[in-house]
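Please open the model in a viewer and keep the selection tool at hand. The stops below are arranged as a tour.

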Amino acid sequence: MLRNRSRRRVVIGCGGLAVGVLMLLAGGLYLLQRAYDGEVRRIAGAMPSGGGRPASTGRGENWLLIGSDRRADIPSMGSRADTIMLVHLSGRGDRVSLISIPRDGWVPVPGHGVTKINAAFAYGGPSLLIRTVEQLTRVRVDHYGAVDFGGFVKMTDALGGVDVTITDDTYDPKHERRWKAGKQHLDGLAALDFVRQRWNLPGGDLDRIKRQQAFLHALAAKALDTRNPLKIDRFVRAATGSVTVDDSVTAGTLRGLAHRLLDTSLMEYLTAPVAKMAERDGQSVVLLDDDGVRSLSTAVREDRVGDYVTRNGAANSVDAVR
């Protein structure tokens, strides 16, 4: 259930959102733009060209954000988008909706048939992944941002670690790490293991998505509470050094994004509706709920995500996760 809070809730993800929040943190948007904007990598050709894309409705702004274990601006046949998020900033400026799309979602990828959605990045880089998400949702993507997971380690350590709350004892056999129920203080490497785990979690990849959202929320809260200028500088440099955005993102775009995040009164975390887990071609996949995805996508296009959440009670809690 969505929990409204009296205090402002801000998320830091990857790409433009990260830079926007970081610009806000330094307390001087213009000066910070000049100091750090040059460290943000931009990639040409990230946005799809040609026809067939959804029309822009002019209702809000949409970013596609990804996280990857590899350099997120250099796709290869071995690289996949490990985290995929569609972020909608409402046209009214009253809310930001972060929608995680399961990386194992079984969807049509233009030119490659039906396969896991994260394979689109390996096949055709950011532009094909954007086309895939746009075909799935019929939502126009305005900007693209990416971060490599190594940046999470540096950002977390720059702030002296972050705190998350885990509801159940669990063991991650892949990373050989035991988690005890209760509050956990995560340094960078622990945070990376935390957001990667899916083994021994009841919901598998869906529980991993909630962990990722809880971590991002904790990282944002810690960053916004930090007053030490040295920590802020290390945090900013760690983030900007790990970030890639499409080449249409200007310093002015980032500055405007920072202002929008500052003025946002509500941040909500959702997962694209899922029908069930299944097996296809010998691999575990996630089958999306077509009607649910259509309903959520319509809400994004019409800038009415709040109505969708009210009807479906679909926002994820980030206060405590498995």
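Begin by selecting Arg95 and Glu268, which form a salt bridge whose closest N and O atoms are 2.6 Å apart. A salt bridge here is a side-chain nitrogen of Lys or Arg within 4 Å of a carboxyl oxygen of Asp or Glu. Arg95 belongs to strand E4 (residues 95-100) and Glu268 to strand E13 (residues 266-271), so the pair ties together parts that are 173 residues apart in sequence. Both Arg95 and Glu268 are buried; buried means under 20% relative accessible area, exposed over 50%, and partly exposed in between, with a 1.4 Å probe and protein chains only. Helices (H or I, at least four residues) and strands (E, at least two) are DSSP runs, numbered from the N terminus.

Two remarks apply throughout. This is a predicted model, in which local features need pLDDT of at least 70 and side-chain atom pairs count only at pLDDT 80 or more, while totals for chains, interfaces and linings use all residues. Residues are numbered from 1 along each chain as its sequence is written, and side-chain values use heavy atoms, with hydrogens and water left out.

**Further salt bridges**

How many salt bridges does the structure hold? There are 14. Select Glu134 and Arg53 next: their salt bridge has its closest N and O atoms 2.6 Å apart. Glu134 lies in helix H3 (residues 119-137) and Arg53 in the loop between strand E1 (41-43) and strand E2 (61-68), so this pair ties together parts that are 81 residues apart in sequence. Glu134 is buried, with a relative accessible area of 2%, and Arg53 also counts as buried, at 15% relative accessibility.

Then move to Arg103 and Asp104, whose side chains meet in a salt bridge at 3.9 Å, N to O. Arg103 and Asp104 are both buried.

Colour the strands of the open sheet of seven, which has the order E1-E12-E7-E2-E3-E4-E13 and mixed pairing. Two strands pair if DSSP finds at least two bridges between them. E1 and E13 are the edge strands, each pairing on one side only. Neighbouring strands of the sheet are turned by 25 degrees against each other on average, direction ignored. Axes are lines fitted to C-alpha atoms, for helices over the stretch in contact, and angles run from 0 to 180 degrees between N-to-C directions.

Now select E2. Eight of its eight residues are buried, so E2 is largely enclosed by the rest of the structure. Glu61, Trp63, Leu65 and Gly67 are on one side, with Asn62, Leu64, Ile66 and Ser68 on the other, and both faces are covered.

To see the pairing of E2, display its two partners in turn:

- Strand E3 (residues 83-89) runs antiparallel to E2 and is joined to E2 by seven bridges; Trp63 stands opposite Val87 of E3.
- E7 runs parallel to E2, with six bridges between them; Gly67 has Val147 of E7 as its bridge partner, and Ile66 stands opposite Ala146.

Bring the helices back into view. H3 lies across E1, E2, E3 and E7, running at about 155 degrees to E2. H6 packs on the sheet, touching E3, E4 and E13, and its direction makes about 160 degrees with that of E13.

**Helix H4**

Select H4 (residues 150-158), where Thr156 is found. The buried residues of H4 are Gly151, Phe152, Val153, Met155, Thr156 and Ala158. They pack against several elements, among them strand E8 (162-166), strand E11 (182-186) and helix H5 (188-196). Contact means heavy atoms within 4.5 Å.

Is Thr156 buried or exposed? Thr156 counts as buried, at 0% relative accessibility. Not counting residues up to four places away in sequence, Thr156 touches Gly161, Val162, Leu186, Asp187, Gly188, Ala191, Phe215 and Leu219. H4 is followed by Gly160, which has a positive phi, near 80 degrees.

**Last stop: His112**

Finally, select His112, in the loop between strand E5 (106-109) and strand E6 (113-116). His112 counts as partly exposed, at 36% relative accessibility. Leaving aside neighbours within four places in sequence, His112 is in contact with Tyr123 and Leu128. The C-alpha atoms of His112 and Tyr123, which are 11 residues apart along the chain, are separated by 8.3 Å.
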